[in-house]
Structure formats: structure tokens, C-alpha cells
Amino acid sequence: KRIRTYSTSSTQADIPRLAKQFGISVAQGIHLGRDEGANEKQIAAALQMAQDGLVDSLIVGNEVLTGSTISKAKLLEYVRRVKKLAPKNVPVATAEVWNQWNSNPDIAGAVDFVVAHFYPFWEGQSIDGATESLWRNYETLQKTLRAAYPGRNLRIVIGETGWPSGGTQKGQAVPGAKSQRRFTEEF
């Protein structure tokens, strides 16, 4: 009943309208890159979707700090502007890997909720204890945000997680279908 998109262009532009027909809630992503003109088009399209009642939340950027795509100041500028222009019933967030949120708790002051990504594989964790590691990191982030914003009930949404079925080993993390299934079941 819920889906998340990452862009307002190409085929992803049709998702909110189609999802609405089937009673599916959409967390609409706004792709941010180095091209400010393209970013403005993404923002305008997402705001229109929100005005039209097609989306239930807006996610401004995806891992732009993790990927060093834009600066934190520019991200905050975009988030604050989208939040100001979005309908009041449409919450606004941004999405980052959990440790970016943990290192930059000030970003949480600009959003209505936190979209955090947790990937024990990319942290080099063995499949043994991978989900425990994920929840330990979730709790660490929760404590950091509670300390930064006492009295504010800031919701943390796990936006992405998983385990790859193939690829290159990262530390103790070994990709494979069996581990992927195990991670998913344990999660």
C-alpha cells in the first residue's frame, strides 16, 4: 500500500497518478543533482503532484551528502523551500545513509521525518549479526536525534536496506542469494 519514488521525470512521473487509482500511498522523491535547472524542474513537478493530492510525502534528494552531490547548505536550502511551498498536510524529508544523519543531526531540524538507509553489507558486516547491526545503528541514530531535539517525536523511516545477491565481498560481508534471503527474513 506504500511506495517510494526517486524522481519526478520519465516513467516515474506517472507513478503518483497510477498509484492513486489503486489506493497506493506515494512518498515522492525529488532527484537532486549538480544541475540546478534540473533540480528546479524536479521540485516544481513534485510540488505540483503534492498540490494535486497525488502524493503523501516529499523526499528532497537521495544520498546527496553521501555521494557528495551537493553541499549540506544547498540541501537544506532545497528542503526548507519545498517545506515552505508544499501543502501543510504533506510532510517533507530527505534521505541519507544513517551515519550521515548521525553526523549531521542539524538536518533533522529542517524535516518532518527522517528517511535513513541502513546497509550492513556496505559496512563490511558479516551476515551473522547483520540485522542486529542494523537495529543497533537505528538505536544509535534515534539516541542522537533525541538528544539533538528533546521533546520532539521525530519519526525515523527505514528508506532502504538489503543485501546483494552478487558482487564483490566487502570486509566480512559476502554477497549471495542465500545471505540475501537470510537478511530479508531476519529483517
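Tutor: We begin with a definition. Rings of Phe, Tyr and Trp, the last by its six-membered ring, pair if their centres lie within 6.5 Å; planes under 30 degrees apart count as stacked, over 60 as edge-to-face and the rest as tilted. The model before you is predicted. By this rule, eight aromatic pairs are counted.

Student: Are W98 and F118 buried or exposed?

Tutor: Both W98 and F118 are buried. F118 also forms a pair with Y138, and this one is tilted, with 5.9 Å centre to centre and 40° between the planes. This second pair links distant parts of the chain, 20 residues apart, since F118 is in the loop between β5 and α5 and Y138 is in helix α5. Y138 is buried, as is F118.

Student: Which residues form the aromatic cluster?

Tutor: One cluster is formed by W98, F118, F121, W122, W135, Y138, W163, F183 and F187.

Student: How many helices and strands does the chain have, and what pattern do they follow?

Tutor: The chain has six helices and six strands. Read along the sequence, they follow the pattern β-α-β-α-β-α-β-α-β-α-β-α.

Student: What does the radius of gyration say about the chain?

Tutor: The value is set against that of a compact globule. With 187 residues, such a globule would have a radius of gyration near 16 Å; the chain has 17 Å, which agrees. Along the principal axes, the C-alpha atoms fill a box of roughly 45 × 40 × 30 Å.

Student: How should I read the contacts and the surface?

Tutor: Consider first the sequence separation of the contacts. Of those in the chain with a separation of 6 or more, 63% are between residues 24 or more positions apart. As for burial, 44% of the 187 residues count as buried. The accessible surface comes to about 9,800 Å², and carbon and sulfur atoms account for 50% of it.

Student: How far apart are the mean positions of the positive and negative charges?

Tutor: The chain has 23 positive and 18 negative charges, and their mean positions are 4 Å apart.

Student: Is Q42 buried or exposed, and with which residues is it in contact?

Tutor: Q42, in helix α2 (residues 36-51), has a relative accessible area of 7%, so Q42 is buried, the cut-off being under 20%. Leaving aside neighbours within four places in sequence, Q42 is in contact with S7, T8, S9, G29, I30 and H31.

Student: What is the phi of S10, and where does S10 lie?

Tutor: Most residues other than glycine have a negative phi. S10 has a positive phi, near 55°, and lies in the loop between β1 (2-4) and α1 (15-21). S10 counts as exposed, at 63% relative accessibility. E63 likewise has a positive phi, near 55°; E63 is placed in the loop between β3 (57-62) and α3 (72-85).

Methods. Residues are numbered from 1 along each chain as its sequence is written. This is a predicted model: local features need pLDDT of at least 70, side-chain atom pairs count only at pLDDT 80 or more; totals for chains, interfaces and linings use all residues. Side-chain values use heavy atoms; hydrogens and water are left out. Helices (H or I, at least four residues) and strands (E, at least two) are DSSP runs, numbered from the N terminus. The radius of gyration is taken over C-alpha atoms; the globule rule is 2.2 Å times the number of residues to the power 0.38. Buried means under 20% relative accessible area, exposed over 50%, partly exposed in between (1.4 Å probe, protein chains only). Contact means heavy atoms within 4.5 Å. Accessible areas come from the Shrake-Rupley method with a 1.4 Å probe; for residues, only the protein chains shown count as cover. Lys and Arg count as positive and Asp and Glu as negative; His and the chain ends are not counted. The place of a charge is taken as NZ of Lys, CZ of Arg, CG of Asp or CD of Glu.
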